[in-house]
Amino acid sequence: MPPPSITTQLATEDDAPALASIMTAAFSAADAAYPLIWGSAAEGTHDMISIVGLFTPVQKPERVTYKAVDEETQKVVGFATWTLPKGKLESEEGKMKGDGGGLPRLPGVNVDLWMEKVGGTRRFAERDVDAERDMDLSFCFVHPQYQRQGVASSLLKLGSQEADARKARFWCTSTPQAVSTYEKNGWRVVETHEVDLGKYGGNSIYTRAWMVREPRGD
C-alpha cells in the first residue's frame, strides 16, 4: 500500500511536463541504456521529446493516463498509461495508417540503439496483441524518491481492474529493473529481447521483457 498521502486520479493536459519529468528521472536513475541513448544530448531533450511525442495530448479516446499525487506536496509522483481495446473498424483503420511511432534524428541521441531497444518488443506486440480485445500498458513510471512504496502497484491496480472488467489480456513491455514489480501484480514474462550494449559503448546485455496479465474473475 502506498503512503496515505498518495492519491490516484486522472491526469490532465497540464500534467504533461510533470509526466515527462518523472519518466526522465526514472529512466536516468536506473536504466543502463538511458545514458547511452540520451547522455550526449542537450539537457531537457528527453523531456521535450516525451511531451511532444507521448503526452500531446495526455488523454485520448482510446488511451487513459492516471497519475499518483502526493497530497502533502501537491506533486505528481508517478503515472500509468494504458490503451483500451478498439472496435473492429478502428483496429482496421489503425493497421492501414500505421502507428507512426519513431524517434527523430536529434543531436547527441543514439537513435540506432533506441530503435534496437524498442524494435524487438514491437514485433512481439504486432504478433500477439489483439487490438479489438486486448489492453496494452504503455507506461508506468514512479519518481525515484517514491519508488518501493506501493505507488506503482496502486496505479497498476486501476488498469488491471479495467482489464478484468473487459475480460481483456493486459500486455506490457518491461525494462529489466521493473520485471519483478509487474510479476508481483500478476504479469508473466512471455518472451525477452536482448540488446548487446557493448556495441554502443556499454558493457552489459540489456533485456526487455514482453509480458502479459490474463484477465481474472468470473
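**Close-up views of a predicted model**

**View 1. Strand S7 within the sheet.** Of the 9 residues of strand S7 (205-213), 7 are buried, so this strand is largely enclosed by the rest of the structure; here buried means under 20% relative accessible area, exposed means over 50%, and partly exposed lies in between, with a 1.4 Å probe and protein chains only. The model is predicted, so that local features need pLDDT of at least 70 and side-chain atom pairs count only at pLDDT 80 or more, while totals for chains, interfaces and linings use all residues. Residues are numbered from 1 along each chain as its sequence is written, and side-chain values use heavy atoms, with hydrogens and water left out. Helices (H or I, at least four residues) and strands (E, at least two) are DSSP runs, numbered from the N terminus. S5 and S7 pair in the antiparallel sense over 5 bridges, and Trp171 stands opposite Val212 in S7. S6 and S7 are also paired in the antiparallel sense, over 8 bridges, with Val195 opposite Tyr206 in S7.

**View 2. The sheet as a whole.** An open sheet with mixed pairing is formed by 7 strands in the order S1-S2-S3-S4-S5-S7-S6, where two strands pair if DSSP finds at least two bridges between them. Strand S1 (6-10) and strand S6 (188-196) are the edge strands, each pairing on one side only. From one strand to the next, the twist averages 20°. Strand S4 (residues 135-142) and strand S5 (residues 170-174) pair in the parallel sense over 3 bridges, and the bridge partner of Leu137 in S5 is Cys172.

**View 3. Helices packed on the sheet.** Helix H5 (residues 111-128) packs on the sheet and touches S5, S6 and S7, its direction making about 150° with that of S6; contact means heavy atoms within 4.5 Å. Angles run from 0 to 180 degrees between N-to-C directions, and axes are lines fitted to C-alpha atoms, for helices over the stretch in contact. Helix H6 (residues 151-166) lies across S1, strand S2 (63-70), strand S3 (75-83), S4, S5 and S7, and runs at about 170° to S4.

**View 4. The surroundings of Asn185.** Asn185 lies in the loop between helix H7 (179-184) and S6, and it counts as buried because its relative accessibility is 17%. When residues up to four places away in sequence are not counted, Asn185 touches Ser153, Leu156 and Arg213. The side chains of Asn185 and Ser153 are joined by a polar contact of 3.1 Å, a term for a pair of N or O atoms within 3.5 Å of which, within protein, one must be able to donate a hydrogen and the other to accept it, residues adjacent in sequence counting only if both atoms are side-chain atoms.

View 5. Most residues other than glycine have a negative phi, and most peptide bonds are trans. A cis peptide bond, with omega about 0°, joins Thr56 and Pro57, and Pro57 is placed in the loop between helix H3 (45-54) and S2. Gln74, in the loop between S2 and S3, has a positive phi near 65° although it is a residue other than glycine, and with a relative accessible area of 54% Gln74 is exposed. Arg148, which lies in the loop between S4 and H6, is not a glycine and yet has a positive phi of about 60°; at 88% relative accessibility, Arg148 counts as exposed.
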